[in-house]
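Dear colleague,

I am handing over the structure we spoke about, and below it you will find my notes on what came out of the analysis. Please read them with the coordinates open.

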Amino acid sequence: EIVSHFFQEKGKKVLTFVGYSGSGYEKEDEMIIKANEILSKFSPDDTIINIGATYYGIGILYREAKKLGFETTGIVSSLSNRSRNGQNSFSKFCDYVFLIQDKTYGGFIDKNKEILSPTSELMVSSSDILVALGGGAISHDEFYMAKKRKKKVAYYPFDSNHSKVSNKSTYHGNPPPTNFSSPVAQVADETDVL
């Protein structure tokens with residue numbers, strides 16, 4: 001209710017970006033260029049930029065949004081409220097952080113893939129437009145539900161960071177991955193662009 005009320009009071013469109021978080025981007029510079037191209041289509045006067053509150057991965061876009069004068073918000077699971085290397089993981093360019101009580105990081109929480117976690121539900125329900133710049137399983141689930149609910153969605157393919165994903169796989173004793181592309185592509189089509 002607090003989150004919904006906040007956005008109602010602001011009376012602005014909510015443009016949400018989803019994408020890779022901890023795994024980062026193989027071509028981060030290209031992702032930033034695409035994000036700026038998208039941001040240029042909107043005005044800070046009537047649009048809020050919403051992401052997942054953290055500064056890494058897709059969270060680097062907070063900096064880009066603030067450069068252009070956008071107000072910024074972040075919706076994030078309580079599981080993400082932990083420090084990285086002794087520092088807060090929230091972006092200093094995120095104006096408002098909504099920390100959601102959630103036992104998961106996000107995504108679907110039922111076998112039928114119809115019920116989103118509290119965090120993902122708020123990401124989708126709060127958004128007027130949801131843009132996926134690559135993204136993992138949680139981005140897939142949020143994109144899928146936003147599209148199903150007839151929200152405006154857009155998808156642009158980007159690989160996760162190959163070395164980070166490979167190192168994580170090795171650390172967990174798994175074979176090296178061969179695919180670094182986004183699962184969002186499974187539910188997106190050529191019309192899902194801005």
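This is a predicted model: local features need pLDDT of at least 70, side-chain atom pairs count only at pLDDT 80 or more; totals for chains, interfaces and linings use all residues.

Residues are numbered from 1 along each chain as its sequence is written, and side-chain values use heavy atoms, with hydrogens and water left out.

Within the sheet, S1 and S2 pair in the parallel sense over 4 bridges, and the bridge partner of Val14 in S2 is Ile48. Ile48 lies in strand S2 (residues 47-51) and, at 0% relative accessibility, counts as buried; buried here means under 20% relative accessible area, exposed over 50% and partly exposed in between (1.4 Å probe, protein chains only). Not counting residues up to four places away in sequence, Ile48 touches Phe7, Lys10, Lys12, Lys13, Val14, Leu15, Glu71 and Thr73, a contact being heavy atoms within 4.5 Å.

Phe7 leads on to helix H1 (residues 2-10), in which Val3, Phe6 and Phe7 are buried. Seen down the axis of H1, the buried residues fall within an arc of 90°, so they line one face of the helix; the arc is that of the directions from the helix axis to the C-beta atoms. Ile2, Gln8 and Glu9, on the other side of H1, are exposed. The cover over the buried residues of H1 includes strand S1 (13-19), S2, S3, S4 and helix H4 (118-126). After H1 comes Gly11, whose phi is positive, near 65°.

As for aromatic pairs, the rings of Phe, Tyr and Trp (its six-membered ring) pair if their centres lie within 6.5 Å, with planes under 30 degrees apart counted as stacked, over 60 as edge-to-face and the rest as tilted. By this rule the count comes to 9 aromatic pairs. The rings of Phe6 and Phe7 have centres 5.3 Å apart and planes at 80°, so this pair is edge-to-face. Phe6, Phe7, Tyr96 and Phe98 form one aromatic cluster.

Turning to the interior, a nonpolar core is a set of buried Ala, Val, Leu, Ile, Met, Phe, Trp, Tyr and Cys residues joined through side-chain atoms within 4.5 Å. The largest such core has 28 residues, of which Leu15, Phe17, Met31, Leu61, Val131 and Leu133 touch the most other members. Helix H2 (28-39), helix H3 (61-67), S1, S2, strand S5 (129-133) and strand S6 (152-156) each supply at least two residues of this core, and H2 gives the most, with 5 residues. A second, separate core of 23 residues includes Phe6, Val18, Ile75 and Val153.

Best wishes

Terms used. Two strands pair if DSSP finds at least two bridges between them.
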